[in-house]
Amino acid sequence: MSASIEARGLVKTYPGDVRALDGLDITVGAGTVFGLLGPNGAGKSTTVKILTTLARPDEGTALVEGIDVLRRPDQVRHVIGVVAQNSGSDLGATGRENLILQGRLYGMGAAAKTRADELIERLDLTEFAGRMVKTYSGGMQRRLDVALGLMHRPAVLFLDEPTSGLDPESRTALWREVSRLAGDEGLTVLLTTHYLEEADRLADHVAIVDRGRVVAQGTPDQLKGGLHGDAVHLELPAGADLDAARRALASLPGVQEVRLSGRSLSARSDDAAGMVPVILAALQQAGTSAASVTVARPSLDDVYLRHTGRRYHDAEADAGDEAEALVTEGAGR
Ligand SMILES: Nc1ncnc2c1ncn2[C@@H]1O[C@H](COP(=O)(O)OP(=O)(O)OP(=O)(O)O)[C@@H](O)[C@H]1O
């Protein structure tokens with residue numbers, strides 16, 4: 001399969017010594033949906049900015065449809081469509097007017113109207129294409145954003161956090177559209193997401209990004225299949241002796257990859273369900289207990305844990321705390 005996007009050794013440092021990308025490599029096959037998955041601040045948007053010619057890396061190279069993004073940014077812009085996190089549509093115009101204007105900006109002339117109508121139908125915008133965008137719900141606005149990104153028939157569509165803030169129903173509807181577009185039109189889609197489920201359901205291929213690097217990649221099934229056995233997750237009560245609990249679990253035969261992240265203790269076992277009573281007895285012997293126990297097939301959350309040593313939601317919470325600390329710091333100045 002030919003590559004639609006190839007990025008090698010991307011490094012990007014922002015002022016304040018923030019190393020947003022630390023040698024990121026990705027290869028995206030033509031006509032596939034590729035998910036860059038990572039918690040907030042992992043470096044996903046920075047990657048998209050570089051690939052869409054909006055930022056330059058300090059080091060590394062990137063080709064989109066075989067075109068060098070650093071040497072030929074103008075050519076790259078013709079073959080890509082970008083749906084950024086914040087919509088760029090004119091709220092005081094209708095959806096249809098926005099689409100036609102976008103087409104004209106790309107020099108499509110009279111063909112803009114036909115293309116706008118085609119996309120209105122394809123993205124199920126017919127009912128509200130004649131209404132001003134300021135009256136749209138979040139889901140309608142996102143569908144219009146995708147249509148805007150597709151107006152000039154790009155070969156590659158970048159979607160930065162496409163379903164962030166959408167309700168579950170609108171999210172599922174957008175997933176359907178994106179899968180269909182990639183399938184029907186041979187479009188290559190690179191999307192960033194911090195939703196594990198979104199990457200799992202939508203992407204043919206996922207790269208897990210952590211602190212500016214790709215720590216694992218493959219199809220969701222390959223990534224999950226690389227973990228043997230089932231996952232056991234224990235939530236320990238407040239005040240529990242966390243280290244004693246971890247040691248008790250690690251000492252049990254048939255229990256592997258014991259990891260503690262906050263008060264969550266996780267492990268893998270070929271017979272996880274059968275091991276639950278043994279695990280609870282071992283915790284009790286160690287003078288502690290579990291507030292909850294779950295046994296599950298491996299998920300992308302487990303893949304993330306295996307490669308980073310942290311649970312995904314803990315990494316998200318840490319990123320939230322860091323962002324809050326920066327805002328507080330800035331406000332104090
Ligand atoms: N213009 C900037 N100036 C300084 N630091 C920045 C800038 N843009 C991003 N960063 C920092 O670079 C790191 C990576 O940010 P980036 O936006 O690429 O991550 P992300 O994975 O897309 O997260 P999010 O989903 O929150 O956008 C973060 O630590 C972020 O705070």
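Helices here are DSSP runs of H or I with at least four residues, strands are runs of E with at least two, and both are numbered from the N terminus. The model I am showing is predicted, so local features need pLDDT of at least 70, side-chain atom pairs count only at pLDDT 80 or more, and totals for chains, interfaces and linings use all residues. Residues are numbered from 1 along each chain as its sequence is written.

I start with two loop residues. Asp17 sits in the loop between β1 (3-14) and β2 (18-29). Its phi is near 60°, a positive value in a residue other than glycine. Is Asp17 buried or exposed? A residue is buried if 20 or more other C-beta atoms, placed from the backbone, lie within 10 Å of its own, exposed if 12 or fewer, and partly exposed in between. Asp17 has 6 other C-beta atoms within 10 Å, so Asp17 is exposed.

Thr53 is in the loop between α1 (44-51) and β4 (59-64). Thr53 is not a glycine either, and has a positive phi of about 70°. Thr53 counts as buried, because there are 20 C-beta neighbours inside 10 Å.

Next, the sheet. Six strands make an open sheet with mixed pairing, in the order β6-β7-β8-β3-β9-β10. Two strands pair if DSSP finds at least two bridges between them. Which strands stand at the edges? They are β6 (80-83) and β10 (213-218); each has a single partner strand, so one side of each is left without a neighbour in the sheet. From one strand to the next, the twist averages 15°; angles run from 0 to 180 degrees between N-to-C directions, and axes are lines fitted to C-alpha atoms, for helices over the stretch in contact.

Inside this sheet, β7 (residues 156-160) and β8 (residues 188-193) pair in the parallel sense over five bridges. Leu157 has Val189 in β8 as its bridge partner. Helix α1 packs on the sheet and touches β3 (33-37), β7, β8 and β9 (205-210). The direction of α1 makes about 150° with that of β7. Touching means contact, that is, C-beta atoms placed from the backbone and within 7 Å.

Last, a helix pair. Two packed helices are described by the angle between their axes and the distance between the axes. For α9 (residues 242-250) and α10 (residues 272-285), the angle is about 135° and the axes are 9 Å apart. In the contact, Ala245, Ala248 and Leu249 of α9 meet Ile279, Ala282, Leu283 and Gln285 of α10.

Technical notes:
Two residues are in contact if their C-beta atoms, placed from the backbone, lie within 7 Å.
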